Amino acid sequence: MKVAVAGCCHGALDKMYETLELLQRRHNVRPDLLLCCGDFQAVRNEADLRCMAVPAKYRHMQTFYRYYSGEKKAPVLTVFIGGNHEASNHLQELPYGGWVAPNIYYLGYAGVVRFRGVRIGGISGIFKSHDYRKGHFECPPYNQQTIRSAYHVRNIEVFKLKQLKRPIDIFMSHDWPRSIYHYGNKNQLLKMKSFFRQEVESNTLGSPAASELLQHLKPTYWFSAHLHVKFAAFMQHQTNSKEELPKATKFLALDKCLPHRDFLQIIDVEHDPSAGDSLEYDAEWIAVLKATNSLINVTQTSWNMPENNGLHAKWDYSVTEEAIKEVLEELNHNLKIPCNFTLTAACYDPSKPQKKVEPVHTINPQTTEFCAQFGLTDINDRIQQVKEEGSVRGEHEEEEEEEEMDSTGSAEEPSEYNTDNSGLSSINPDEIMLDEEGGDEDLSTCSVDPSPDHPPDFSASFSDIRIMPDSMAVSSDDAMDSTNEELEKSGVSQQVEEKSLNERPLKRIGGNENGNSGIKKIKRRNQAIYAAEEEDKTE
């Protein structure tokens, strides 16, 4: 079957689907499935915009709300993971995955599903070390720390995925697996993005958690986005025994969705012709969720996953064939994911803007149903329980403080803000550094700048499908030719490229002309990445 893969969508759903429709008209190529590797931006309303960690100038309503409301429907089944610029409050409603709109499915914090027999996995967010060992404790309304930490990868999701034994066909992550650049045309990458050099040479570019998963899962395909550059690689995995067959992963990073960018890739994937056209649960993944349910943590407390170090009675949570069989029996061997999408928030109305609407912590009926069916903990329900328990404790503490104040005449007033600043102790080079205009404003009063109701028609700027150019050859630097042959065999050979009708020079982005040292700077690498986007916003 044909699978279309997109990079950072940034809410431009109309643009993506118009590209696919044009592909069908011009070339009679109709993808059966669309995958998106994060920064999908499923923004339903103004409150969702406030829960997206970007400077105010990047907060635009875009077009997802039309699919959420039912005004439009995705023309092809779309499966996506979360990135680091999302409506975190919306995606948080579906920690185990679910429908964000008809025909558009979110994989959750981590997840595995099946489509036509093809096994598709993914992990949402980006890696940041100081949040990695925490639980999923964040909930709206977010503060300046939690609006960022909400999209940071946690060790429990990586641990769950590492319990999988059956082969994975396709895997998605938002940030790149660390070291993957050593298995592709690294020199060409550094020609396109010279500001990556220091991190590439020090082997600090990308996610160590994703790299760990890549070595464990060994999927046939791995797709990423985040860095806004297209890059391919071919990684031959080492075998653990002589009996084990050699495995290799074809890696592809996609560019962001812009009219003049090559942001879409079409691949041919072997599938089961007898399988239906419905998205399905993966029985092994469900069994793993059940086995690891007791490990769920919804606090800020850092902790390590069980391992064979003498400190844990159990460290292997992989599941048996019997456990997988039990899941199948529970479902009566019907793995079809129910189409139970439900509206859980008001939809944006261009004629009635609601700039003061506040985000709320919502329990999504899809998650409630999923957890009840498989005996799992509803993470959001548990977060609310912890908050309520904390409120009760807080009331008792206040009573004790009042008694103490009556006897001593004074009491220390509790702080209104979270004093844990660990989230600010280091800089993640894979994030946009929020400047004062966009990051330090009051989240409850931030500006909302909806996009026009009638976006321009981009179809005139699309070019033909073509063979992948030499610049995207998949190889290590010392084995270019042999790996190109592997790429041709893999089916990663077609791509849709968009070019603008008029070449536009990129704007030069520099520091503050007035030399204002009080403004936080965007790192040089991120300046260059987002320069093209700033150009598009101003024209």
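**How many helices and strands are there in the protein chain?** This predicted model has 17 helices and 15 strands in the protein chain, taken as DSSP runs numbered from the N terminus (helices: H or I, at least four residues; strands: E, at least two). Local features need pLDDT of at least 70, side-chain atom pairs count only at pLDDT 80 or more, and totals for chains, interfaces and linings use all residues. Residues are numbered from 1 along each chain as its sequence is written, and side-chain values use heavy atoms, with hydrogens and water left out.

**View 1. The largest nonpolar core holds 114 residues.** Such a core is a set of buried Ala, Val, Leu, Ile, Met, Phe, Trp, Tyr and Cys residues joined through side-chain atoms within 4.5 Å; buried means under 20% relative accessible area (1.4 Å probe, protein chains only). Phe40, Ile104 and Phe223 touch the most other members. Helix H11 (residues 283-291) gives the largest share, six residues.

**View 2. Here we zoom in on Phe223 and its contacts (heavy atoms within 4.5 Å).** Leaving aside residues up to four places away in sequence, its partners include Val5, Leu35, Cys37, Phe171 and Leu252.

**View 3. Helix H13 (residues 365-374) buries Gln366, Thr367, Phe370, Cys371 and Phe374.** Seen down the helix axis, these buried residues fall within an arc of 125° (from the directions of the axis to the C-beta atoms), so they line one face of H13. Their cover includes strands S4 (98-101) and S13 (279-281), along with H11 and helix H12 (321-330).

**View 4. Now for the two ends of H13.** At the start, a side-chain oxygen of Asn364 comes to within 2.9 Å of the backbone nitrogen of Gln366. After the helix comes Gly375, with a positive phi near 70°.

How values were computed
Buried means under 20% relative accessible area, exposed over 50%, partly exposed in between (1.4 Å probe, protein chains only). A polar contact is a pair of N or O atoms within 3.5 Å; within protein, one must be able to donate a hydrogen and the other to accept it, and residues adjacent in sequence count only if both atoms are side-chain atoms.
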